[in-house]
Amino acid sequence: MARLKLNNLISKKEVTPLLSSFAASLASQFCIEDEKEKILFGNCDEQTHEYLLKSDDEILGKVRGDGNAERIAEFLNLLLYKESEKKKLGTEVLNLYQELNFIFNFSEKLAQLIEPDAIAQTALNEAQHLISSTSGVVVLFDEAHIRLNLLASSGGINFSEDDFNEHGSLLLQLAASGQSEIISDAPTLQNIQSSQAQSIIYASLKVNQRVMGAIILFNQGFGQYTAGDLKLLTTLALQSSSAINSALLYEKNIREAREREEAMRRIHEITVKFVPREFIRSLGKEVITDVRLGDQVEREVTVLFSDIRDFTTLSEQMTPAENFFFVSSFNELMGPIIRRHNGFINQYLGDAIMAIFPGSAVDAVAAAVEMQLALNEFNNERKIKNQLPIQIGIGMHTGPLIMGITGDELRLDATTISDTVNTAARIENLTKHFKCGVILTNETLQQLSQTEKYKLRHLGLVKVKGKKNLLSIHECFSGNTELQFQMKLSTLNIFSDGMSFYLDKSFEKAATAFQNVIDADAADLTAKIFLRKATKYLNAVVPEDWMAVEENLNS
Amino acid sequence: MQQKLLIVDDEAHIRMLIEQTLEELEDNDVEFLSADNGEKALEIISEEKPHLVFLDVMMPKMNGMEVCRRVKKELGLNDVYIVLLTAKGQELDRQKGQEVGADVYMTKPFDPEVLLKKAKEVLSIE
């Protein structure tokens, strides 16, 4: 509060005229001087008496004159007293107002923050701006572990682990106390060597009577903290407590929500591995949780079966673990190829794969060829390791299929029910008989728009187990090794001729043609099969209604 | 020459507050005048022609906007620097304040430091 000045009072518009009229009516001279004897009013020559003018025991000047001057002094002292009271009140109002203004601004700042450490840092900065200190911290009291967590700091003090965790350490005591105090006695302060503080002021952070922690300011100089400082820091702590608490809760909620989301994501991720997404989508559902018992859909698909040849023999040479590892690495190789061609794996059945292609059959054939090519690579690697090559058979058939959710209330399964699946499995089995890698039915072939892209050989008609209708089947050799492919391509016309003669019951011509193929390519085992068949019929009586059908080849 | 400063607010504690905030100006030979309503304010302004007026908007009898309009538009006292004070949340008054010719506009609760700085600036006091 600024000092009262006598001059300011006397020069007031309402005071000066009063003094003049007093001077006139008293018929006696008086003068007013300030504390430095500078004349502020009247004439000061030959005055006999002097009377002091004071405010709060401080001499501001005097009135000089005759005895009557005493009345003037009393009057002025009364005005000074009133003026002083008014100023004191004004100062108090201003202080209160500044506090209010500070809280208002501080709340506004806090309202814009959502991170606990940002709130703590703002509170600390504000505290240091208002209360002189060399450094400060905001700490949270971890009740469960009886230790402190640093939320914000400034002034660069490096606290030791002990300051924060040691049972009974001063900082821990302060933060857990729930009090707000000033500490300036040296022995106590020596407990926190690292702060080098001469005095400490701290205020507790509390929410609903629960002690959260504290704001602590350190002063390395000799200045003393005042009760006013403590009041300010307490106000600040009160304001920030609930903000920090809300922010911590918010952070916790977000974290938990994220964890739940993450758990859901992992569950979802694993479920789509068990039940392919395409399966769910085919049922017209987005996520597996939408699926209900009895959901089903019928559509035309191409089913692909793949099986490792002589797996039994192969697996006998391996331990169960090696077996499992082998099948896994094989499936890991083939799975992505199927997915890349818009198919999905309906089931892994040991060494066999059953895949469904809901789109065009072209996808299935492309996948089969690529699987064969990938196998060739796989075998090249095996060869380097002195391992025998693996052979697979792939069979495909296109037809209607029902996908659905079967089971009971407590145990559901994603199932396919279809004759198409059985047929595809039978076709796959035929690859053993015909000694070729990939066989597809006419139903599949009909969906291929660019047949020239895939090299095919007609293998005649078959009647598979459990099926009344005859199936026309074709070998696709596009996935053969480069050498095999070139040989089959160069003999393709002769082979086709042979097949035409064969179906035409011209077994002699057929045998000659197949022999020609074998002469050119001794490794063409399929041609050898047909040579044997043709030769057999050559010496047998063939019924009139012979349809060149191969029956019960699967048994 | 002595400079004059007028504080106009119908609330006594606000007048006291502004006066206290600007206390140190007294030492720079600034005379403080005050008024508790618009009519009185207009009277003092036309008589004393203060250099700076802190003028509350919400007042009985004649509101601050009207006082400002008369001073600037009718009396043509463009040398009287008028700071309009309005309550927080009445920021829409800002445009209206400009229309009636106010020089600057501040919201209550005001920041004492900002208020003092403004006064010093207008009265050219270091």
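**Helix 3 of chain A and its neighbours**

Helix 3 of chain A crosses helix 8 of chain A in a right-handed manner, meaning the near helix is turned clockwise from the far one by less than a right angle. Helices here are DSSP runs of H or I with at least four residues, strands are E runs of at least two, and both are numbered from the N terminus.

This is a predicted model, where local features need pLDDT of at least 70, side-chain atom pairs count only at pLDDT 80 or more, and totals for chains, interfaces and linings use all residues. Residues are numbered from 1 along each chain as its sequence is written, and chains are lettered from A in the order in which they are written.

Back to the crossing. The partners are I103(A), F106(A), S107(A) and L110(A) on helix 3, and T235(A), L236(A), Q239(A), S240(A) and A243(A) on helix 8; contact means C-beta atoms, placed from the backbone, within 7 Å. Of these residues, five are nonpolar, four polar and none charged. Nonpolar means Ala, Val, Leu, Ile, Met, Phe, Trp, Tyr, Cys or Pro, charged means Asp, Glu, Lys or Arg, and the others, Gly among them, are polar.

Now the chain contact. Chain A and chain B each give 12 residues. On the chain A side, helix 3 supplies the largest share, 10 residues. That side divides into seven nonpolar, five polar and no charged.

Last, helix 1 of chain B, residues 12–21. Eight of its 10 residues are buried, that is, with 20 or more other C-beta atoms within 10 Å of their own. Among the elements covering them is helix 3 of chain A.

Note on methods:
A residue is buried if 20 or more other C-beta atoms lie within 10 Å of its own, exposed if 12 or fewer, and partly exposed in between; C-beta atoms are placed from the backbone. Two residues are in contact if their C-beta atoms, placed from the backbone, lie within 7 Å.
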